[in-house]
Each structure stands twice: as structure tokens, then as C-alpha cells.
Amino acid sequence: MKQILRKTALLISIILVATGLASAKDYTITLQSNPEGAQVYLNGVLVTTSTPAIIELPKKVATKAMMFKFEKKGYETKTVTVQYSKNQLKYSPVVLCEMEKKAPAKTVSANDPTVTGRQAAQRVDRNNGGATDMEATIIRWFFDSDPRGSRVMYRVISNVPNEVKNTNETYLTTTPYEETRGFNIPGLTYQNSRNVTIEVKISKRGYEDQVKRYNVRQALDQQEISGFFELVPKESTADE
């Protein structure tokens, strides 16, 4: 009979532990945050919707390592891990969390995450010159050749002619050529700049023309268009 009673008592105690009814809430802990008004999770379970708050914890929880996660809109989520002795728990310890404001998020273009929303809305317009970041970006243009004294010309080649028009060749000067200038290509945007190319041609009498092409978006990122041209003499067509 005694064995049956012992087994019954053991079974009841197991059920009580499993349901949490056997663990009295023996300890209190105060949760504070700076600023106040944070939600707090203990080991993944919400324990308060706003700080400051006093919570009661059973022994089996309070005497083990506890992870308190503090969340507040506009602030970085922060986790504070604590472990108290039974003696410390007698004095109702305080868990304090110093919260930091989130850095303002940049608005980015849905099509190109490297471009801010403000930049994505910009388009070079000859009626409003100099109003875009692209025009304000100083690009270093540098070209040299061997032999020197070659004519330097460039033109715009566009894969989106409905937005950016192709242009005829524009003469710059002779090599060596170095200048800083921005892009004032009408219709250019950060979005379509990947589809626009600057073609640079070097020409000198008695030598073959040479051409190099530069992607406009890459030039904006690198802030440079440069190249060296090794000219090749034209073959004589006269009969020997």
C-alpha cells in the first residue's frame, strides 16, 4: 500500500513540475530600460510589454542564466544575459538595458540598391544644368599616346536611345590630355548610366585610329576615365 502511495505522490509531483504548478514564484526581478517603454523577452518568451516592470520568477528559472531581449521601436534590439546567485536574488536585482537609436535607413531604388532614392529620381536636363549628383561628380579624364600629338575625340553611345541620345564625335584636344569634368549628358540617370558608354578615339596622320570605350556608371563610381594608346603606323598602299 505504501509503495502505491509513493508512486502516486511521485506521479503527482511529475505532473506538477511538468505543468509548472510545483514551482512557486519565489524571486522578483526589476526590468528597466533607457529609454523606457521597451518590450522584454526572457529566453524567447514575452514577460512585459513595457518597461519599467517587476516580474516574478520561479527558482528553477531565476537561478540559471537568463537572456533578456529588449525591443523598442526606433531603437536597436539588445540582449542582456545575467545569472544571479540565490543570495543576489534575495535583494530583487535590477536588469538595466541602455538602448541605442537606430541609424536612419537610406531610401534606395528598388531597381538598384546602390543608388539612393534621391539619386534615382535625378535626370540630367540641359534646362536645369548642374542640378544632379552625376553632374557634380568630378571625373578625371586622362589620355596619352605614343607618339604624342594625337587628336582626342569622344562620343556618347547609348543602349537606351529613347532616354539618352547618341552623339556625334566631339573634339577635345591632342595628347597628352588631362582634365576634370562632370557628365552633362542629357537624359542620363543613375539607372540608365549602366547602358551608356563613352567612346574615345585617338587619331593621328600616318597611324591607325584607336578606340576605347568606357561605361558611364563605372566612370561615375571610379571618378575617372583614362587610357594609354600605343599607335600603330599605317601600312603603305603604294606599289613597290
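Let me start with Lys 73, which counts as exposed at a relative accessibility of 83%, and which is found in the loop between strands β5 (66-71) and β6 (78-82). In space, Lys 73 lies 9.5 Å from Gln 39, C-alpha to C-alpha, although 34 residues separate the two in sequence. Please keep in mind that what we are looking at is a predicted model.

The mean pLDDT of the protein is 84, and 84% of its residues reach 70 or more. Among the elements, β12 has the highest mean pLDDT, at 96, while helix α1, residues 2-19, has the lowest, at 40. Over residues 1-24 the pLDDT is below 50, and this stretch has 8 contacts in the model beyond near neighbours in sequence.

Now for the protein as a whole. Its secondary structure comes to 6 helices and 14 strands, and of its 240 residues, 34% are buried. If we take contacts between residues at least 6 apart in sequence, 61% of them join residues at least 24 apart. The protein exposes about 15400 Å², of which carbon and sulfur atoms supply 49%.

Let me move to the interior. In soluble globular proteins, nonpolar side chains tend to be buried together. Which residues have the most contacts inside the largest nonpolar core? They are Trp 141, Phe 143, Phe 183, Ile 198 and Ile 225, in a core that has 28 residues. The elements that give two or more residues to this core are β8, β9 (151-158), β12 (196-203), α6 (216-222) and β14, and the largest share, 4 residues, comes from β12. Apart from this core lies another one, of 20 residues, among them Ala 38, Val 40, Cys 97 and Met 99.

Ile 225 gives a sense of how the chain comes together here: leaving aside its neighbours within four places in sequence, Ile 225 is in contact with residues including Ile 139, Trp 141, Phe 143, Phe 183, Ile 198, Tyr 214 and Ala 219.

That brings me to the aromatic rings, where the structure holds 5 aromatic pairs. One of them joins Phe 143 and Tyr 177, with 6.4 Å centre to centre and 5 degrees between the planes, and this pair is stacked. Because Phe 143 lies in strand β8 (residues 139-146) and Tyr 177 in strand β11 (residues 177-181), the pair ties together parts that are 34 residues apart in sequence. Are these two residues buried or exposed? Phe 143 is buried, with a relative accessible area of 0%, and Tyr 177 is buried as well, with 5%.

Phe 143 also pairs with Phe 229: the ring centres are 6.3 Å apart and the planes stand at 55 degrees, so this pair is tilted. Here, too, distant parts of the chain are linked, as Phe 143 in strand β8 and Phe 229 in strand β14 (residues 224-230) are 86 residues apart. Phe 229 is buried, with a relative accessible area of 0%. Ring pairs link Phe 143, Tyr 177, Tyr 214 and Phe 229 into a cluster.

Finally, two rings have a charged group over them. Arg 181 lies over the face of Trp 141, at 5.0 Å from the ring centre, and Trp 141 is one of the residues with the most contacts inside the largest core. The charged end of Lys 69, in turn, sits over the ring of Tyr 41, 5.2 Å from its centre.

Definitions and conventions: Residues are numbered from 1 along each chain as its sequence is written. This is a predicted model: local features need pLDDT of at least 70, side-chain atom pairs count only at pLDDT 80 or more; totals for chains, interfaces and linings use all residues. Side-chain values use heavy atoms; hydrogens and water are left out. Rings of Phe, Tyr and Trp (its six-membered ring) pair if their centres lie within 6.5 Å; planes under 30 degrees apart count as stacked, over 60 as edge-to-face and the rest as tilted. Buried means under 20% relative accessible area, exposed over 50%, partly exposed in between (1.4 Å probe, protein chains only). A charge sits over a ring if NZ of Lys or CZ of Arg is within 6 Å of the ring centre and within 35 degrees of the ring normal. A nonpolar core is a set of buried Ala, Val, Leu, Ile, Met, Phe, Trp, Tyr and Cys residues joined through side-chain atoms within 4.5 Å. Contact means heavy atoms within 4.5 Å. pLDDT is the predictor's confidence in each residue, from 0 to 100. Accessible areas come from the Shrake-Rupley method with a 1.4 Å probe; for residues, only the protein chains shown count as cover.
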